[in-house]
Amino acid sequence: MTAATSALPEQFDVIRQALPPTVTLVAVTKFLPVETIRAAYERGIRHFGESRVQEAIAKQADLADLPDITWHLIGHLQTNKARKAVEHFDWIHSVDSLKLAERLDQAAQELGKTPQCCLQVKLVPDPPKYGIDVAELEAALPQFDQLAHLKICGLMTIPPQDVIADTVQGLFTEAKSLADAINQKGLSRLHIDQLSMGMSGDYQVAIACGATMVRLGTVLFGPRPQSP
Ligand SMILES: *Cc1c(COP(=O)(O)O)cnc(C)c1O
């Protein structure tokens with residue numbers, strides 16, 4: 001065993017191997033060192049999620065010798081960082097306003113890229129959290145649908161922290177229904193075939209409700225530092 005592989009906690013492979021093969025595991029490595037990313041890469045992980053653009057850029061520079069990583073931005077993105085996000089990420093899970101989507105689309109056009117995007121939806125009021133509420137999202141669908149340089153193919157949602165398990169299940173089910181409803185509107189580009197939902201505390205429920213991507217940090221890597 002190399003030093004790098006032994007750096008991962010024992011539960012790493014157990015958790016991973018228990019996931020259905022159809023679900024994409026996005027290993028969340030925010031605040032974790034590049035050695036951890038390398039160790040996970042050596043075990044076969046190719047999808048990594050980071051919550052901050054600058055932190056990810058620094059790590060990507062260190063990991064430039066690993067060419068086939070798919071990078072996912074999962075944290076809130078300020079519009080003034082839209083261009084950097086498009087440059088450095090394949091997926092953006094946290095598209096939480098039409099304005100941000102328009103900035104991303106413009107950057108994507110300029111850079112000749114087509115990032116895959118999830119619309120982050122807030123299914124219940126949750127003041128500290130970002131996300132588009134359902135009514136607002138439905139009203140803006142025609143505008144989202146016009147953004148030719150984004151591949152908007154997912155919904156992302158995070159339940160509020162303090163809700164009970166039944167509510168979490170209800171919210172994930174609602175996300176699935178919302179995706180189905182959007183797909184029935186006959187939009188030209190926008191088609192939702194990914195549900196990015198489920199973190200360490202609730203990913204099994206999310207998968208049972210139809211999640212296609214889970215974003216796992218703690219359960220794979222153990223507790224993380226509060227900041228890099
Ligand atoms: C940090 C984070 C995760 C991972 O959280 P864990 O509870 O450690 O699995 C998933 N999604 C988002 C948006 C995050 O910010």
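1. Leu137 is in contact with Leu119, Val121, Ile132, Phe144, Leu155, Leu178 and Ile182, when its neighbours within four places in sequence are left aside. Together with Phe144, Leu137 has the most contacts inside the largest nonpolar core, a set of 69 residues. Helix H8 (residues 165–183) supplies the largest share of this core, namely seven residues. In soluble globular proteins, nonpolar side chains tend to be buried together.

2. The protein chain has a mean pLDDT of 95, with 97% of its residues at 70 or more. Among the elements of the chain, the highest mean pLDDT, 99, belongs to strand S8 (residues 194–196), whereas helix H1 (residues 3–6) has the lowest, 46. Across residues 1–6 the pLDDT is below 50, and this stretch has seven contacts in the model beyond near neighbours in sequence. Where pLDDT is low, the predicted coordinates should not be read in detail.

3. Which residues surround the ligand? They are Val28, Lys30, Ile74, Ile158, Met199, Ser200, Arg215, Leu216, Gly217, Thr218 and Arg224.

4. In Lys30, a side-chain N or O atom is 2.7 Å from an oxygen atom of the ligand. Arg215 places a polar side-chain atom 2.9 Å from a ligand nitrogen atom. For Thr218, the distance from a polar side-chain atom to an oxygen atom of the ligand is 2.5 Å. On its own the ligand has 390 Å² of accessible area, of which the protein covers 88%.

5. Gln120 deserves a separate comment. This residue is located in strand S5 (residues 116–122). Is Gln120 buried or exposed? Gln120 counts as buried because its relative accessibility is 6%, under the 20% cut-off.

6. The side chain of Gln120 reaches the backbone oxygen of Tyr130 at 3.2 Å. Apart from neighbours within four places in sequence, the contacts of Gln120 are His93, Ser94, Val95, Asp96, Tyr130, Gly131, Ile132, Met156 and Ile158.

Terms used: Residues numbered from 1 in each chain as written. Predicted model: local features only at pLDDT ≥ 70, side-chain atom pairs only at ≥ 80, totals over all residues. Heavy atoms only, no water. pLDDT = per-residue confidence, 0-100. Helix = DSSP H or I, 4+ residues; strand = E, 2+ residues; numbered from the N terminus. Contact = heavy atoms within 4.5 Å. Core = buried A, V, L, I, M, F, W, Y, C linked by side-chain atoms within 4.5 Å. Buried < 20%, exposed > 50% of the residue type's maximum accessible area, 1.4 Å probe, protein only. Near = heavy atom within 4 Å. Polar contact = N/O pair within 3.5 Å; in protein donor to acceptor, adjacent residues only side chain to side chain. Areas by Shrake-Rupley, 256 points an atom, 1.4 Å probe, with all protein chains shown as cover.
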